[in-house]
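Student: I am new to this one. Can we look at it together, a few questions at a time?

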Amino acid sequence: MSIFETPAELVISCYKRLGPFLEQELRALGYEPSYASDSMVRVPGTAADAMLLNMKLRTASQIMYPLLQFDAQDPEQVYQALKRYPFERLLQPEGYFSVRSHVKHPSVNNPMFINMRVKDAVVDRMREKTNRRPNTGSDYSGAVLHLYWVGDQATLFADTSGETIARHGYRMHPGKAPLLESIASAMLLATDWEASQPLLNPMGGVGTLAIEAACMATQRYPGLYRRRYAFQHLQGYNETDYIEALLDLEDLVAEVDMPKIVVNDRDTRMLSLALQNAEKAGVRQYINTVGGDFREIKIPETAGWALLNPEYGERLGEVEQLAGVYAEIGSWMKHSLPGWKVGIVSGNLELLGKIGLKADRRIPLYNGRIDSRFCLYSMYAGSRRGDRSS
Ligand SMILES: C[S@@+](CC[C@H](N)C(=O)[O-])C[C@H]1O[C@@H](n2cnc3c(N)ncnc32)[C@H](O)[C@@H]1O
């Protein structure tokens, strides 16, 4: 039986702090997580499940299938343990594979070295058993093996994703400081926005939040935009099953009648990139772009959600200037958005304080490596909630 038929404990990694959102997504897809942390969730499943999850999950990064667990005191023991694994039943004899690792062990100070030893073990085993050898390299275009070795316990995984699935494949133009797609979708999961409500994206850049929202509303999954995954290079992979899963994803798409999502940016070059990205994602028809200052957006009569991802500056001068922008955002929320809900993500906690309103929730996130907060506000008419700094 191949790993596509053999149940195991899949390890699904995500950006740090997205764990709860990934768990929520998995439960909604009918999976029962057996363990969850802030950066990974484990669920029982086969590599066939991993294939479907690669195509459907929005907040995940990598989906790994465990192959072998062993004790290791030094790199030689890793080599010996791996050489006993039947890679001839996992990899194509003349295929291509690469190795990733996460190692914390006193005997290893150069991760490249341990990756080399993993490659050696695989190639030596394959040569012995098949008289042929797979090629190796550093890009993730073929099969990918992942060694996790912390303390004296090591696990070898087949990384079924290869290139990360945190990017959703429709973004042709990144613009400047775009949100990672998996983070944007986690932000949307944290709101109670419904497609029937207006959604404003006043500092929208290349439209990531708006596109993710439109994809969620119309059940467009990331697998629609990507054709290559590492699982396709593992033995037992069945192309027909993959094509069927892809057709199922296409069948799930449900066009809806909803108010246009407004993407505004004062930099109009961003807006044409946003439209190209939306076109690629197939959701161009759900998005309206407006160029100008966020305070000039025409506010729909029915209250909904506004999601903002303002710049947070890296140099001191920029941060001082941005303090005024954050204060203006707060005042705009108070005066222009009574009855609305607002979500603001920023990597500068002091600047967030300049909004001057009390947040209902402050969700810790990482934007890249930056400790960030996604603050959620309910704007009451007359601003009954204190005008205090959050
Ligand atoms: C961090 S980027 C947003 C990135 C966006 N989330 C994405 O994924 O592409 C901030 C955006 O706010 C825009 N911006 C800054 N000040 C603005 C203002 N006063 N009114 C409208 N847009 C503004 C910038 O042009 C920039 O594109």
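Tutor: Start with a term: two residues are in contact if their C-beta atoms, placed from the backbone, lie within 7 Å. Keep in mind that this is a predicted model.

Student: Which residues in α3 meet α4?
Tutor: On the α4 side are Phe 113, Ile 114, Arg 117, Val 118, Asp 120, Ala 121, Val 122, Asp 124 and Arg 125. By class, the contact of α3 with α4 has nine nonpolar, no polar and five charged residues. The α3 residues are Pro 75, Val 78, Tyr 79, Leu 82 and Lys 83.

Student: Is α3 roughly parallel or roughly antiparallel to α4?
Tutor: The axes of α3 (residues 75–83) and α4 (residues 111–130) come within 8 Å and cross at roughly 30°. Angles under 35 degrees count as roughly parallel. So α3 and α4 are roughly parallel.

Student: Which residues come nearest to the ligand?
Tutor: The shell around the ligand divides into nine nonpolar, five polar and five charged residues. Elements giving two or more residues to this shell are α6 (208–217) and β10 (261–265). Of the 19 residues around the ligand, the nearest are Pro 178, Met 203, Gly 205, Thr 208 and Asn 309.

Definitions and conventions
Residues are numbered from 1 along each chain as its sequence is written. This is a predicted model: local features need pLDDT of at least 70, side-chain atom pairs count only at pLDDT 80 or more; totals for chains, interfaces and linings use all residues. A residue is near a molecule or strand if its C-beta atom, placed from the backbone, lies within 6 Å of it. Helices (H or I, at least four residues) and strands (E, at least two) are DSSP runs, numbered from the N terminus. Ala, Val, Leu, Ile, Met, Phe, Trp, Tyr, Cys and Pro count as nonpolar, Asp, Glu, Lys and Arg as charged, and the others, Gly among them, as polar. Axes are lines fitted to C-alpha atoms, for helices over the stretch in contact, and angles run from 0 to 180 degrees between N-to-C directions. Angles under 35 degrees count as roughly parallel, over 145 as roughly antiparallel, 65 to 115 as roughly perpendicular and the rest as oblique.
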